[in-house]
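Biologist: Can you walk me through this model? Keep it short, please.

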Amino acid sequence: MEQQKILVVDDDKEILFSMSKLLEYDGFHVIQAKDGIEALEQFEKEKPDLIILDIMMPKLDGISALMKIRASTYRTRIVF
């Protein structure tokens, strides 16, 4: 069975690290992004099964990133 991919997006290093390690421990393939711009790049490249998205981030906030992701034809679940 293929590992499910989860994109974790947060500008807080400790939160990003902790969430990623917990998800990896549970057997998920984790992709990380530190801001909304990087999240969009990783979304296009990796096509994750789930995105865990922070709202307040530099460069591009979570709401703006969500709007751009939803404009894509690829559908994925997003949790704020």
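Modeller: We will go through the sheet, the salt bridges, some backbone angles and a surface patch.

Biologist: What am I looking at, and how are residues counted?

Modeller: This is a predicted model, where local features need pLDDT of at least 70, side-chain atom pairs count only at pLDDT 80 or more, and totals for chains, interfaces and linings use all residues. Residues are numbered from 1 along each chain as its sequence is written, and side-chain values use heavy atoms, with hydrogens and water left out.

Biologist: Sheet first. What is the order of the strands?

Modeller: The order is S2-S1-S3-S4, in an open sheet of 4 strands with parallel pairing. Strands (E, at least two residues) and helices (H or I, at least four) are DSSP runs, numbered from the N terminus. Two strands pair if DSSP finds at least two bridges between them.

Biologist: Which strands stand at the edges?

Modeller: Strand S2 (29-33) and strand S4 (77-79) do. Each has a single partner strand, so one side of each is left without a neighbour in the sheet.

Biologist: How many degrees are neighbouring strands turned against each other?

Modeller: On average 20 degrees, direction ignored. Axes are lines fitted to C-alpha atoms, for helices over the stretch in contact, and angles run from 0 to 180 degrees between N-to-C directions.

Biologist: How many bridges join S1 and S3?

Modeller: Strand S1 (residues 5-9) and strand S3 (residues 50-53) pair over 4 bridges, in the parallel sense. Ile 6 has Leu 50 in S3 as its bridge partner.

Biologist: And S3 with S4, how many bridges there?

Modeller: S3 and S4 pair over 3 bridges, again in the parallel sense. Ile 52 stands opposite Val 79 in S4.

Biologist: Which strands does helix H2 lie across?

Modeller: Helix H2 (residues 36-46) lies across S1, S2 and S3. Its angle to S2 is about 145 degrees. Contact here means heavy atoms within 4.5 Å.

Biologist: New topic. How many salt bridges does the structure hold?

Modeller: The structure holds 5 salt bridges. A salt bridge is a side-chain nitrogen of Lys or Arg within 4 Å of a carboxyl oxygen of Asp or Glu.

Biologist: What does Lys 5 form a salt bridge with?

Modeller: With Glu 46; the closest N and O atoms are 3.9 Å apart. Lys 5 lies in strand S1 and Glu 46 in helix H2, so the pair ties together parts that are 41 residues apart in sequence.

Biologist: Is Lys 5 buried or exposed?

Modeller: Lys 5 counts as buried, because its relative accessibility is 19%. Glu 46 is buried too, with a relative accessible area of 18%. Buried means under 20% relative accessible area, exposed over 50%, and partly exposed in between (1.4 Å probe, protein chains only).

Biologist: What about Lys 59? Which residue is its salt bridge partner?

Modeller: Lys 59 forms a salt bridge with Asp 35, the closest N and O atoms being 3.7 Å apart. Lys 59 lies in the loop between S3 and H3 and Asp 35 in the loop between S2 and H2, so the pair ties together parts that are 24 residues apart in sequence. Lys 59 is exposed, at 69% relative accessible area. Asp 35 counts as buried, at 8%.

Biologist: What is phi for Lys 47?

Modeller: Lys 47 has a positive phi of about 50 degrees, although it is not a glycine. Lys 47 sits in the loop between H2 and S3. Lys 47 also forms a salt bridge with Glu 44, with the closest N and O atoms 3.3 Å apart. Glu 44 is partly exposed, at 47% relative accessible area. Lys 47 counts as partly exposed as well, at 28%.

Biologist: Last one. Which residues form the nonpolar patch on the surface?

Modeller: Ile 55, Met 56, Ile 63, Met 67 and Phe 80, with about 550 Å² of accessible area together. Patches are made of residues with over 30% relative accessible area and no salt bridge: like charges are joined within 9 Å, nonpolar side chains (Val, Leu, Ile, Met, Phe, Trp, Tyr) within 5 Å. Accessible areas come from the Shrake-Rupley method with a 1.4 Å probe; for residues, only the protein chains shown count as cover.

Biologist: Where is Ile 63 found?

Modeller: Ile 63 is found in helix H3 (residues 62-70). Ile 63 counts as partly exposed, at 42% relative accessibility.
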